Amino acid sequence: MKVKDVAEKLSLKIFSAPEGLNREVTGGYTSDLLSDVMGHAQEGHIWITLQTHKNIMAVASLKDIAAIILVKGFIPEPETIELSAQEGIPVLGSSSEAFELSGKLYEMLK
Amino acid sequence: MLLEYKVEGGDFTQAGYASSQIKKTLKQLNVDPAVIKRVVIALYEAEVNIVAHAYRGVIYAQVEGSGIKLRLEDEGPGIPDIERAMTPGFSTASQQVREMGFGAGMGLPNISDNADSFKIESSVGKGTTLYIEIKFR
């Protein structure tokens, strides 16, 4: 499944890096702790979080994350969008909560 | 090959830069992706520790045919109780740092889990040096 398919099925807003929508999704990880994501997310995962600052892009890039989904209507900071575009890793958004989104994504990917 | 990067304490806007550069270098050298992943986790955690806790520091990365040796020297408050610092979940990070999702007490355990050898030398009031070694095979 591609990021594009996830974005369509979950009606996600695309904040940045539309060119990254063809990235392959292998799974997901939900966490707001950067060290937790560094230690445990895998390449190709979609990362669900409420963190909006630019350091999430550093982590996403280092871990080869497929895309980030911001929850509860949170919007990325301008520097986050800038880095997302540079890295080609999309930042997506939803008004749903992390629990709900994670459940839906899990169902889609299992 | 010896790479060297300066890290400023408190400057989260640049956190991860050295890790990203070293990741690129290892990719160019065709190092096993599984090994690069371990280097990146250990190095990013160590880099963020300098940003979050120290005044400034330098990262030295010695890349050899057999592996990578990282030395992270910082000028900072030092670690009074290294054993306690290594305990998962223990953290002395500020509230501000924690709100960003850092400082969850997972950094040093993450380094330890991903390194082939890991040593901490620290002097309270002066600074801390981390020695991390990861073999390519």
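Strand S1 of chain A and strand S5 (residues 91-93) of chain A pair in the antiparallel sense, over 3 bridges. A word on terms. Strands are DSSP runs of E with at least two residues, helices are runs of H or I with at least four, and both are numbered from the N terminus. Two strands pair if DSSP finds at least two bridges between them.

What you see is a predicted model, where local features need pLDDT of at least 70, side-chain atom pairs count only at pLDDT 80 or more, and totals for chains, interfaces and linings use all residues. Residues are numbered from 1 along each chain as its sequence is written, while chains are lettered from A and ligands numbered from 1 in the order in which they are written.

Back to that strand pair. A:Ile14 stands opposite A:Leu92 in S5(A). Now the whole sheet. It is open, with 5 strands in the order S1-S5-S4-S3-S2 of chain A, and the pairing is mixed. Which strands are at the edge? Strand S1 (13-16) and strand S2 (27-30) of chain A; each pairs on one side only. On average, neighbouring strands of this sheet are turned by 25° against each other, direction ignored.

Helix H4 (residues 78-87) of chain A packs on the sheet and touches S1 and S5 of chain A. The direction of H4(A) makes about 85° with that of S1(A). Axes here are lines fitted to C-alpha atoms, for helices over the stretch in contact, and angles run from 0 to 180 degrees between N-to-C directions. Contact means that the C-beta atoms of two residues, placed from the backbone, lie within 7 Å.

Two loop residues next. A:Ala17 is in the loop between S1 and S2 of chain A. Phi of A:Ala17 is near 55°, a positive value in a residue other than glycine. Is A:Ala17 buried or exposed? A:Ala17 counts as buried, because it has 23 C-beta neighbours inside 10 Å. The cut-offs: buried is 20 or more other C-beta atoms within 10 Å of the residue's own, exposed is 12 or fewer, partly exposed is in between, and the C-beta atoms are placed from the backbone.

A:Lys72 also is not a glycine, and has a positive phi of about 50°. A:Lys72 lies in the loop between strand S4 (67-70) and H4 of chain A. A:Lys72 is partly exposed, because 13 other C-beta atoms lie within 10 Å.

On to chain B. The axes of H1(B) and H2(B) come within 9 Å and cross at roughly 160°. That makes H1(B) roughly antiparallel to H2(B). By angle, under 35 degrees is roughly parallel, over 145 roughly antiparallel, 65 to 115 roughly perpendicular, and the rest oblique. Residues of this contact include B:Ile22 and B:Leu26 of H1(B) and B:Val40 and B:Leu43 of H2(B).

The axes of H2(B) and H5(B) come within 8 Å and cross at roughly 150°. H2(B) and H5(B) are therefore roughly antiparallel to each other. Among the residues in this contact are B:Ile41 and B:Ala42 of H2(B) and B:Ile111 of H5(B).

Last, the contact between the chains. How many residues does each chain give? Chain B gives 18 residues and chain A gives 14 residues. Helix H1 (17-28), helix H2 (33-53) and helix H5 (107-114) of chain B each supply at least two residues of the side of chain B that touches chain A. H2(B) gives the most to that side, with 4 residues.
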